[in-house]
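This report goes through side-chain contacts in one protein chain. Please look at the sequence and the structure before reading on.

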Amino acid sequence: MTSDVQDRSGQTAAGASEADPHTTAGKIADLQRRRDEAIHAGSQRAVERQHAKGKMTARERIDRLLDPGSFTELDELARHRASDFGVAANRPYGDGVVTGYGTIDGRPVCVFSQDFTIFGGSLGEVYGEKIVKLMDHALKVGCPLIGINDGGGARIQEGVVALGLFAEIFYRNVVASGVIPQISLIMGPCAGGAVYSPAITDFTLMVEGTSHMFITGPDVIKTVTGEEVSFEELGGAHAHNVKSGVAHYQAADEDDCLDFARDLLSYLPSNNLDDAPVLPPDADPAAAGEPAEADEALDTLIPDSPNQPYDMHDVITAVLDGGEFLEIHELFAQNIIVGFGRVEGASVGVVANQPMHFAGCLDIDASEKAARFVRTCDAFNIPVLTFVDVPGFLPGTGQEWGGIIRRGAKLIYAYAEATVPKITVITRKAYGGAYDVMGSKHLGGDVNLAWPTAQIAVMGAQGAVNILYRRELAAAGDPDALRAQRVTEYEDTLANPYIAADRGYVDAVIRPAETRAQVTRALRALRSKRQQVPPKKHGNIPL
């Protein structure tokens, strides 16, 4: 933006104080002054404090996130209208939030960025109205909404008006849910009612050391409960990525957070009526049907011992283009893996049990993590690719009393509800109800495959033998030898994929090395899938 716009007499806007405000040149100079004030609304000292904490300013974050030169600001000159508690004398342009639209990889997005250098980023009436206007615009044009959060919650001086605008934002988050992607970047404090907007959005990203989210802060907690806790322990990036599962990514710094947001968006469509971006596919061995070297490695991946773990990431990366996998919720409920990749350049969502953690058992956290991800993929028409190695649901009073029945049912609901293409590959164990839950044919799986190492049964051989042959084992002279014999018989009879294949519960038993080829062909065949569900207002998921 140039500052030397000349009038007819050669006078420049830089000399705004000398320009006649009643002339065209004077009016342009006055506009330039106002724009400059808006851009530098926060004091230099406040900006320096922001940088000292390793944080960018609101505008720096937008510039770093969007394609260079693509940002168009809205309501740059808006100012608050409050008058109580002395705020009438301090009416900075922008009112503490920068809003507008631009592009990421050439695709339109809407973005707001809270400015902590103005009123601590707290939300007032005009601030909230700016965000509401932007959200309405994003819904009208069908483009993703990215919110950069760095603020102190509701502006106390504006009272219930601020609270009302928070609710207006929440309402639009709900209306936009499943229509446009919504991504929240927590790049500073996010407290009180302010946390609920990110909680409703599709993905929440946090920055290690500088992000905090909580309903009530450490001081209130100490007053009410006597418990002492730091900001970081209570609501830092680690707490919400590892313990609560509120956040989906823990960034090392702000650059990392912004890069992850860009990467994440590349797998998502602009709205629920569009397709996700398709990239040029890698040279595809599946087209010729010949396994590549990376595919051949899968033939030796499964250990001979059913109790020995392996890393399911090796399976996932062998199937996806270029071995590239953007994992979501990586640090939370690590017994299940979710994330995005591409097959033939097109986005797929991956859900996979992880034998490296709890032997891949499903528990409360894993069930909810996977259910939310499956529903996100379904909302945005992204096929779901499931890899199964699950010995069952995690036992224990903690799980039962914590509601594993209700909360595990969310995963059943999510798979059954989803109408996108669903492909499932059983690599090893698929026991009991967990077999049903993990994208089985019975819940609407479109193409279900199994490796010859698959064990599909009500329970594992050891447990089954102990139940089926309890009396015989008790009376045996050598119970260990008899148990080993019965285990082998059970595994040969039931703990294999062939009874399921005989019934059509799996569509094919394949060599592990053929997985990429089979998945690729299945996705091609399912591109035109259309499935209608009975008309209803909405289902009643077990929350």
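Are Asp150 and Lys55 buried or exposed? Asp150 is buried, and Lys55 is buried too; buried stands for under 20% relative accessible area, exposed for over 50%, and partly exposed for what lies in between, with a 1.4 Å probe and protein chains only.

The model is predicted, so local features need pLDDT of at least 70 and side-chain atom pairs count only at pLDDT 80 or more, while totals for chains, interfaces and linings use all residues. Residues are numbered from 1 along each chain as its sequence is written, and side-chain values use heavy atoms, with hydrogens and water left out.

## Salt bridges

A salt bridge is a side-chain nitrogen of Lys or Arg within 4 Å of a carboxyl oxygen of Asp or Glu. By this rule the count is 33 salt bridges.

| Pair | N to O distance |
|---|---|
| Asp150 and Lys55 | 3.2 Å |
| Glu125 and Arg81 | 3.5 Å |
| Lys410 and Glu368 | 2.7 Å |

Helices (H or I, at least four residues) and strands (E, at least two) are DSSP runs, numbered from the N terminus.

The side chains of Asp150 and Lys55 form a salt bridge at 3.2 Å, N to O. This pair links distant parts of the chain, 95 residues apart: Asp150 is in the loop between strand 4 (145-149) and helix 5 (159-176), and Lys55 is in the loop between helix 2 (44-52) and helix 3 (58-65). Lys55 also lies over the face of Phe116, 4.8 Å from the ring centre. For such a placement, NZ of Lys or CZ of Arg must be within 6 Å of the ring centre and within 35 degrees of the ring normal.

Glu125 and Arg81 meet in a salt bridge at 3.5 Å, N to O. Glu125 lies in helix 4 (residues 125-141) and Arg81 in the loop between strand 1 (72-74) and strand 2 (97-104), so the pair ties together parts 44 residues apart in sequence. Glu125 is partly exposed because its relative accessible area is 25%, whereas Arg81 counts as exposed at 52% relative accessibility.

The side chains of Lys410 and Glu368 meet at 2.7 Å, N to O. Here the linked parts are helix 16 (residues 404-417), which holds Lys410, and helix 14, which holds Glu368, 42 residues apart. Lys410 counts as buried at 13% relative accessibility, and Glu368 counts as partly exposed at 22%. Elsewhere, salt bridges that share partners join Asp30, Arg33, Arg34 and Glu37 into one network.

## A buried arginine without a salt bridge

Arg107 lies in strand 3 (residues 107-114). Arg107 is buried yet has no salt bridge, and the nearest side chain of opposite charge, Asp105, is 6.4 Å away. In this assignment Lys and Arg are positive and Asp and Glu negative, and His and the chain ends are not counted. Contact means heavy atoms within 4.5 Å. Leaving aside residues up to four places away in sequence, Arg107 touches Gly102, Leu265, Ser266, Leu268, Pro269, Ser270 and Pro277.

Strand 3 also holds Ser113, which is buried at a relative accessible area of 0%. A polar atom of the Ser113 side chain lies 3.0 Å from the backbone oxygen of Ala58.

## Aromatic pairs

Rings of Phe, Tyr and Trp (its six-membered ring) pair if their centres lie within 6.5 Å; planes under 30 degrees apart count as stacked, over 60 as edge-to-face and the rest as tilted. The whole structure has 7 aromatic pairs. Phe214 and Phe231 form a tilted one, 5.7 Å centre to centre with 45 degrees between the planes. The pair links strand 8 (residues 212-214), with Phe214, to helix 8 (residues 231-235), with Phe231, 17 residues apart. Phe214 counts as buried at 13% relative accessibility, and Phe231 as partly exposed at 47%.

Why is the pair of Tyr249 and Phe260 stacked? The ring centres of Tyr249 and Phe260 are 3.8 Å apart and the planes are at 10 degrees, so the pair is stacked. Tyr249 and Phe260 are both buried.

Ring pairs also link Phe203, Tyr267, Phe340 and Phe373 into a cluster. Arg342 lies over the face of Tyr267, 4.0 Å from the ring centre.

Note on methods. Polar contact = N/O pair within 3.5 Å; in protein donor to acceptor, adjacent residues only side chain to side chain.
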